[in-house]
Structures are given as structure tokens and as C-alpha cells.
Amino acid sequence: MGNKGNSKIFCFDPSGDKKNSHRNRTIYHYTSPDGLLAILKTPSVRFTDCQFLNDKSEYTHIHIPLEKACEEVRDSLFDVNFCDMIQDFFQEKYDYVQIFSEQPGLGFKNLKMYSMRHYVFCASTDPDLLNMWNYYVKGGNYQGYNIGISVNDMVKSFTSLIGDKVSLFYGPVVYKDKDKIEILKKEIIEADTKLHNALKNVNDEIERDLIVQSYYGETILHIEHLRLFFKDAAFSGEKEYRFVIRMPEHRVDINNQLLNTGFTVKQGVITPHCDVPFSKNGTIKRITIAPMMETGLAKAGLQRYLRDNEYTNEVEIGFSEIPIRY
């Protein structure tokens, strides 16, 4: 995890690429015609509570690679209890309790616990992906679009909504079990080594306990960041890139603005969501029309909508190049 400019905005970066390579890229959000219109009309993107995404193992998938990572490093750790402490924390639950200081400088008396939730906005790194177009087949025809979105402009749009209790994470999803295990092993080994060094000259038991709890809590928080970027390999064909907002379960006021949380019906289920506005200026780079649509008519309607609603002329409209006959 890394961040740039804001301590509450994190880039998940498993490849080790420079952060600029993430911020300068375009990602692609696939959606239905109604979904596209809703995004353009607002303009905003919808983050869905992670418990209600289409992957049933979302958020809880961390158990599988974490158990394997702990197996492989346990005997090499200075603190033999470190892995057990970490594994005991990650239970089958979707909320995450985080402690905040309500008023800095007043010590422990001013701490308050908040139940945190995670909201996810999904995109893909691939601008023309059949696996994703297949979600938008209706009556035997492909009826979908994808929106090419600037990561950098999305992050800029969110900056004013990020506060002491709200964080933003972004980056590519990891699908390979080997990669997940290696990321977790590195995290655990580094934390254990730092803890060992911090305790070398500490003899007071109370001080030792406080240091152990501090490093334990920091490691838990880092792995909590990671868990929403690990998915089952069955979904690898989506080549997902995502944004994640962590925020209190109840609404919070950020810079005198309320984050727009609400509910919608999705596949018959009442689903919590969070809508985040973005700037019309440059955030959307391209809109691609699915294969087999009435392409000429679709483009003409889209061009008129963009013009009449004051989107810049920089939005390119293109067509899928996948050669589908039926």
C-alpha cells in the first residue's frame, strides 16, 4: 500500500510499479444503457457495499491465502504467537471496528469505536473484454457500454470527501493464490522483524505489551486494506481494477457534506450503496459501445446527450472490435 498527497488515499500496488503509473492510467467500467445514463446524468459513480457484490466470497476470501501464508512463515518468526493473533482477528464478518479520537489531544477518554463498512466501485483494465460484455446480453443482443475513466481524475474528485473517518483505496485485483500468499508473507515477516527490533532494549512488561499491541494493530490494519483486493481465481477473466471506500456504517459529515448513502434493489435484494460525484471535466475519457448494438444510432444518441449536458468534446466514442456474429 502507498499513498500520494493524502494520508487517507491509498494505492494498492502489488506489482511494485511507481504510483504515477496507476494515477495516469484509464480503467473501464462496464454497465447497462440505464447504468450509463444514470452515471452521466448525476454525474456520479455508485459504490456497492462489499457484502452485496456478485462474488459470494468477497471480503472473506482472505482466510484461504492468509492460512497458507501463516503456515509457510510461522516457524521463521521471532514472535511465535504473531500469526495466531492475526488469524484470530479475521472472522466471517463484513464490518470492521476502528477506533478514532473525537478530539485530538484529549487522550484515551476521547476515543470512540466505529463500525466500518466497505463500498466498492468495480472496473476493468481491459477496454474491450468479452467476459464483461456477456453480463449485458438482453434478448440475445449485447446492450452495454463501458466508460473509460481517468484514475487520476477520479482520485481528485474524491479528495474533498475523504476525512479522518473515510479512506479511499484503489488498484488492481489479485487473483493468483501464489501472489496473494507472497504478499501476505511479506507483510507478516516485515511486521514481525520490526516488532523484534522494537523490543530489543525494552524490559518493562507493560511497555512491551503496548509495543506488541501497536504492531499487531498496524499489521491487522494493513491486511484489512489488502483483503478487498484479493478475489477467487474464478473471476480472473474480469481483469478487475477497483476503488474502495471505507467509512462508518452510519453517515458522516465530511467538510460539511454528507456522503450520499442509500439503498437500491439489485436482483431482488435491497442493497446498500454510496454515490460519489465526479467532475465532468476530463474524468471520462472514452465510452465504448458493445458489439452487435445499433452502433450508428447508439453513437448519435450518446453524442447528443454529451453535448446537451455540457460534457467536454474530449470524450471519445468508440465501438467494440470483438467479431461476434450472434
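Q: How does α4 pass α7, right-handed or left-handed?
A: The crossing is right-handed. Keep in mind that this is a predicted model.

Q: Which residues of α4 and α7 make the contact?
A: From α4 come Phe-82, Cys-83 and Ile-86. From α7 come Ile-188, Ala-191, Asp-192 and Leu-195.

Q: What are the angle and the axis distance for α4 and α7?
A: The angle is about 125 degrees, and the axes are 11 Å apart. Here α4 covers residues 82-89 and α7 covers residues 177-199.

Q: Why are α4 and α7 called oblique to each other?
A: Perpendicular stops at 115 degrees and roughly antiparallel starts over 145. The α4/α7 angle is about 125 degrees, so the two helices count as oblique.

Q: At what angle does α3 pack on α7?
A: At about 55 degrees, with the axes 8 Å apart. Helix α3 spans residues 63-73. That angle makes α3 oblique to α7.

Q: And which residues of α3 and α7 make that contact?
A: On α3, they are Pro-65, Leu-66, Lys-68, Ala-69, Cys-70, Glu-72 and Val-73. On α7, they are Lys-180, Ile-181, Glu-182, Leu-184, Lys-185, Ile-188 and Ile-189.

Q: Is the α3 and α7 crossing right-handed or left-handed?
A: Right-handed. Ile-188 of α7 is in contact with α3, and Ile-188 is also listed in the contact with α4.

Q: Switching to strands. Which way do β4 and β15 pair, parallel or antiparallel?
A: Antiparallel, over 5 bridges. Strand β4 is residues 44-49, and β15 is residues 269-277.

Q: What is the bridge partner of Thr-48 in β15?
A: His-273. Gly-262 stands opposite His-273 too.

Q: How many bridges join β14 to β15?
A: There are 7, and the strands run antiparallel. Strand β14 is residues 260-266.

Q: What is the phi of Gln-267?
A: Near 55 degrees, a positive value in a residue other than glycine. Most residues other than glycine have a negative phi.

Q: Is Gln-267 buried or exposed?
A: Exposed. The relative accessibility of Gln-267 is 79%, and the cut-off for exposed is over 50%.

Q: What about Glu-310, where does that residue lie?
A: In the loop between α9 and β17. Helix α9 is residues 295-308, and β17 is residues 316-319.

Q: Which peptide bond is cis?
A: The one from Thr-42 to Pro-43, with omega near -20 degrees. Most peptide bonds are trans.

Q: Where is the place of Pro-43?
A: In the loop between α2 and β4. Helix α2 is residues 33-41.

Q: Zooming out, how many helices and strands does the chain have?
A: The chain has 9 helices and 17 strands.

Q: How much of the chain counts as buried?
A: Of the 326 residues, 49%.

Q: What share of the contacts joins residues 24 or more positions apart?
A: 79% of the contacts with a separation of 6 or more.

Q: Last one. What does the accessible surface come to?
A: About 17100 Å² for the chain. Carbon and sulfur atoms hold 49% of that surface.

Definitions and conventions:
Residues are numbered from 1 along each chain as its sequence is written. This is a predicted model: local features need pLDDT of at least 70, side-chain atom pairs count only at pLDDT 80 or more; totals for chains, interfaces and linings use all residues. Side-chain values use heavy atoms; hydrogens and water are left out. Helices (H or I, at least four residues) and strands (E, at least two) are DSSP runs, numbered from the N terminus. Buried means under 20% relative accessible area, exposed over 50%, partly exposed in between (1.4 Å probe, protein chains only). Contact means heavy atoms within 4.5 Å. Accessible areas come from the Shrake-Rupley method with a 1.4 Å probe; for residues, only the protein chains shown count as cover. Two strands pair if DSSP finds at least two bridges between them. Axes are lines fitted to C-alpha atoms, for helices over the stretch in contact, and angles run from 0 to 180 degrees between N-to-C directions. Angles under 35 degrees count as roughly parallel, over 145 as roughly antiparallel, 65 to 115 as roughly perpendicular and the rest as oblique. A crossing is left-handed if the near helix is turned anticlockwise from the far one by less than a right angle, and right-handed if clockwise.
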